Amino acid sequence: MSQKFYYPEDAGYSTAKCRGNTYFSRYPGNRGCECDECQNKLLTDSLSDIIKEKAEADADYFKEKMQSGGAPAKENPESHEGAQAKSEDSKPAEVDAPPAAPAGTPGPQGPKGAAGPKGATGAAGPKGETGPAGPKGEPGPAGKMPDINMTASNISGDELEVTSGGTPLSLPVCQTLSGFKENKCFDTFAVSEAGKYFITYKVKLGAGEKLNTAIFRNLLPLSGSIISPTKKTAEFEISYIDNLEKGDKLKLMLYNFDGKVKLQAGGGTFLTIFKIA
């Protein structure tokens with residue numbers, strides 16, 4: 001270790017040795033050395049001196065008190081309470097807040113705001129009552145019958161002898177024949193062109209009977225034209241669509257009955273056929 005101090009002894013410095021080296025210091029001992037070992041010893045010695053001096057001063061104080069016949073003053077707990085009370089008394093007194101002022105008068109109404117968005121459609125309400133009938137409309141244009149059509153009637157009120165095998169009805173009046181040919185008895189009508197036809201007929205008797213009616217094609221009834229009541233009836237009527245072939249011979253017949261029947265007079269019995277396709 002290099003030497004730190006080089007002061008002569010005649011300048012008031014004392015010498016100290018540390019690890020064989022001589023140092024100069026104004027303090028006794030090895031305080032002039034700056035190595036860690038000497039500096040730590042210096043700090044330890046200083047603290048020991050302070051503690052020793054404090055202990056001696058306390059001993060002198062207690063010795064003086066004992067000789068004067070008194071004891072060291074102790075803290076009075078009441079002094080703390082008094083101080084605390086005094087501190088609390090020194091606090092400013094709480095003051096109630098002043099009452100709130102009354103509300104002022106409402107101001108004027110503001111301007112109307114903008115309309116909001118349209119809401120969703122509500123559920124449908126209950127159905128209302130049916131209103132009164134409207135005025136009658138103007139008549140439509142006259143219809144046009146197809147090129148192939150026929151109409152024939154019986155208005156005489158004839159009395160007929162009906163057999164179970166079938167009896168054709170004569171339809172001699174109110175005839176309109178276009179594309180159909182009739183025989184001399186006016187009870188058979190021949191088709192001149194194949195196609196789809198609308199067929200309707202009506203038979204009215206003077207009294208109710210339990211019998212069948214139908215349009216026969218070439219001696220066999222068309223299934224869609226058969227009327228077969230379960231009880232006596234005086235009126236037979238049907239409308240339907242059927243396919244007919246060229247040359248088919250059609251008859252309106254009463255059958256499945258044996259006996260006399262009388263047709264109702266005045267045009268209650270007729271046959272109408274026209275081509276639709």
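Me: What percentage of the 277 residues in the chain do buried residues make up?

Reply: Here, buried residues make up 25% of the 277 residues. Buried means under 20% relative accessible area, exposed means over 50%, and partly exposed lies in between (1.4 Å probe, protein chains only). Please keep in mind that this is a predicted model, where local features need pLDDT of at least 70, side-chain atom pairs count only at pLDDT 80 or more, and totals for chains, interfaces and linings use all residues. Residues are numbered from 1 along each chain as its sequence is written, and side-chain values use heavy atoms, with hydrogens and water left out.

Me: How many helices and strands does the chain have?

Reply: Helices (H or I, at least four residues) and strands (E, at least two) are DSSP runs, numbered from the N terminus. The chain has two helices and 15 strands.

Me: Which strands make up the open sheet, and in what order?

Reply: Two strands pair if DSSP finds at least two bridges between them. In this model, five strands form an open sheet in the order β6-β3-β15-β9-β12, with antiparallel pairing. At the edges stand β6 (173-178) and β12, each with a single partner strand, so one side of each has no neighbour in the sheet. Between β9 and β12 there are 11 bridges, and Val203 stands opposite Phe236 in β12.

Me: Which residues touch the most other members of the largest nonpolar core?

Reply: A nonpolar core is a set of buried Ala, Val, Leu, Ile, Met, Phe, Trp, Tyr and Cys residues joined through side-chain atoms within 4.5 Å. The largest one has 31 residues, and Val203 and Ile273 touch the most other members. Elements giving two or more residues to this core include β3 (149-154), β9 (195-209) and β15 (269-275). Its largest share, five residues, comes from β9.

Me: What does Ile273 touch, not counting residues up to four places away in sequence?

Reply: Contact means heavy atoms within 4.5 Å. By that rule, Ile273 touches several residues, among them Met150, Phe180, Phe198 and Leu250.

Me: Is Asn154 buried or exposed?

Reply: Asn154 counts as buried because its relative accessibility is 3%. This residue is found in strand β3. A polar contact is a pair of N or O atoms within 3.5 Å; within protein, one must be able to donate a hydrogen and the other to accept it, and residues adjacent in sequence count only if both atoms are side-chain atoms. The side chain of Asn154 makes one with the side chain of Ser156, at 2.9 Å.

Me: What is the phi of Cys174, and where is Cys174 found?

Reply: Most residues other than glycine have a negative phi. Cys174 is not a glycine, yet has a positive phi of about 50°. Cys174 is found in strand β6 and is exposed, with a relative accessible area of 53%. Asn218 also has a positive phi, near 50°. Asn218 lies in the loop between β10 (212-217) and β11 (220-221) and is partly exposed, at 42% relative accessible area.
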